[in-house]
Amino acid sequence: MSETAKLTLDGKEYELPIIESSVGDKGIDISGLRAETGYITADSGYGNTGSCQSKITFIDGEKGILRYRGYPIEEIAKNSSFIEAAYLVIFGKLCTQEERDDFAKLLEQNAALPQPMLKHFDGYGSDGQPMAILSAMVNSLTAYDPSVMHPKDESDVTYAAANLMSSVRTIAAASYKASIGEPIMPPRYDMKYVENFLHMMFSKPYHEYVPEPEVAVALNMFLALHADHEQNCSTSTVRMVASSQANMYASCAAGITALWGPLHGGANVAVVQMLQEIQEEGLDPEKFMDLVKDKKSGRKLMGFGHRVYKNFDPRAKILKGACFDMLEKLNVSDPLLDVALKLEEVALKDDYFVERKLYPNVDFYSGIILRAIGIPLDMFTVMFAIGRMPGWIANWKEVHDDPKARIYRPRQIYTGEVERHWVPRSERS
Ligand code: SDX
C-alpha cells in the first residue's frame, strides 16, 4: 500500500495519496480535496505548493544544489556554452556535435529580425524601457511568422524555440542601439550566439567590436547560469499562460513581464543601484545594514534572500568567482565589488540574516560581470531574460506536450462582503 497522508476534518478522517519525486520534495495530492471535504488549501505565495510535476530543473534549497536535467550547475557553468546549456534545458539531453550544429544553424537562420520590425524601434524613442520593448517585440514576432504559433510537430517546436532564442538576443541589442541613437547593427553569420550579441551591441558601421575571449566566456556562463530555475515567479507565469494553450511567444512574453519586478529579475538592477548609493554617498556598510534590519526603513539587502535557497545560491558562488577572474583578466577594478564583498561579510556574521537564512542570490554579483562587459544598467534584466528564455521555452513545452495538461485556475479564500443589494446614488453615503 503506497504511503498516504491522513487528514481529520470535522470529525471525519481522510486519506490523501502521496506523489513521489525522483529526488527532493514529495507531494500530498489534494486534487480531490474540495470534492471530498468541501475545503480548499491556502498557501500565500505558493511557498508550500507544487504547481506541477517537472523533469527540467531540480533545486535543493537547504543544500544549495541546482541541477539542469540532473547535471550539477557547477559542471554546466564550467563546461557548457549557453547554447549547449539551453539545448539541455529545452530538449533534456546534452547535444551531440550534429545536434549542436543543427540547432546553431537554426539560430543563425533566425538571427535577423523581419525587416518591417526594425521600424518599431523608431517609435520607442530613447526612454523606452528595454523590458517593455522586449516583451512587446516578442509578441510582435508572431505577426511576421504566424506558423510559430501553431507548431504541428517536434521540428516546428524546435524551429520556434530557435527563432525565439535568436530573436530575443537581436531585439535586445537593437533596442539598446535605438536607445542611444546609433544605427541598429545587423547580425553576422560567422559569429556564435554570444559573440554575435556583443557585435550587435557594441559594433558601429565604421568600427567592428571584437570581444576579448574572456568577455565571451563570462557572458556565456552568465547566460547559462540563468537558463532555468524551477517554478520561479516568471516561469510559473509562463506555465500559467501556456496552460490556456497560448503560443510559446505569448507565454514567454508574459514571463518577461513577470521577471521585470525588483523582487525577481529586476533585482540585478536594484543591487547595483544599492551598491552605487553606498559607494557614492560614502555610506558605512554596517550603518546601511542597520537600515535594512529596521523594518520601518522599507529597505532590503537586494540580491540577498531566496524563497527556496536557505543556503548559498550556487550561482552566486560561481558568479562571485567569475567577478574576480574577469576583472583580473581585463585588468580592471570595480569599487562596487568591494562594497558587495563588505556587505556579504557583514551579513554572514549578523544574526538578522543568519536567523532568516538570507544568503547572496544570483543577482548579488551578476551586475559586476555585466558592468565589466559594458552592458548598461537598464539592460541588466534584459540579460536575465535572454538567459532564462530556454527555461521558459522548456516549461512551455512541458505543458504543451502533456496530454493531461489542464488550464491553471487556482481557487481563493473569499474575505469580502457576503451579499448586499444595489441602491440608487441618491441614497448612497
Ligand atoms: C530571483 O524564485 C527564484 O528561483 C528566483 C530566481 C530565479 O532564478 O528565477 O532565483 C531569481 O528572483 C532571485 C531573488 C532576487 N530578489 C532579490 O534579491 C530581492 C531581495 N530579496 C527579497 O525580496 C526576498 O528574499 C525574496 C523576494 C527573494 C524572497 O522573499 P520571500 O521568500 O517571500 O521571503 P520573505 O519576504 O518572507 O522574507 C522572510 C524574512 C522577512 O523578515 P521577517 O518578516 O521574518 O522578520 O526575511 C526578510 C523578510 O523581511 N528578508 C529580507 C530580505 N529577504 C527577506 N530582509 C532584508 N533584505 C532581504 N533581501
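A contact is a pair of residues with heavy atoms within 4.5 Å of each other. In the protein chain, among contacts between residues at least 6 apart in sequence, 70% join residues at least 24 apart. The model is predicted: local features need pLDDT of at least 70, side-chain atom pairs count only at pLDDT 80 or more, and totals for chains, interfaces and linings use all residues. Residues are numbered from 1 along each chain as its sequence is written, and side-chain values use heavy atoms, with hydrogens and water left out.

The protein chain holds 18 helices and 6 strands. These are DSSP runs, numbered from the N terminus (helices: H or I, at least four residues; strands: E, at least two). The radius of gyration, taken over C-alpha atoms, is 23 Å. A compact globule of 429 residues would have a value near 22 Å, so the two agree. That rule is 2.2 Å times the number of residues to the power 0.38. Along its principal axes, the C-alpha trace spans about 80 × 65 × 60 Å.

Of the 429 residues, 46% count as buried. Buried means under 20% relative accessible area, exposed means over 50%, and partly exposed lies in between (1.4 Å probe, protein chains only). Helix H3 (residues 82–91) is largely enclosed by the rest of the structure, because 8 of its 10 residues are buried. Among them are Phe82, Tyr87 and Leu88. Gly92 follows H3 and has a positive phi, near 85 degrees.

Salt bridges number 21 in the whole structure. Each pairs a side-chain nitrogen of Lys or Arg with a carboxyl oxygen of Asp or Glu within 4 Å. Glu15 and Lys6 form one of them, at 3.5 Å from N to O. Glu15 is partly exposed, at 42% relative accessible area, whereas Lys6 is exposed, at 55%. Lys93 and Glu99 form another, at 2.6 Å from N to O. Lys93 is partly exposed at 32% relative accessibility, and Glu99 is partly exposed at 23%.

A further salt bridge joins Arg371 and Asp334, at 2.7 Å from N to O. Arg371 lies in helix H17 (residues 362–373), and Asp334 lies in the loop between helix H14 (314–329) and helix H15 (335–347), so the pair ties together parts that are 37 residues apart in sequence. Arg371 is partly exposed, with a relative accessible area of 29%. Asp334 is buried, at 8%. Elsewhere, salt bridges with shared partners join Glu154, Lys397 and Asp401 into one network.
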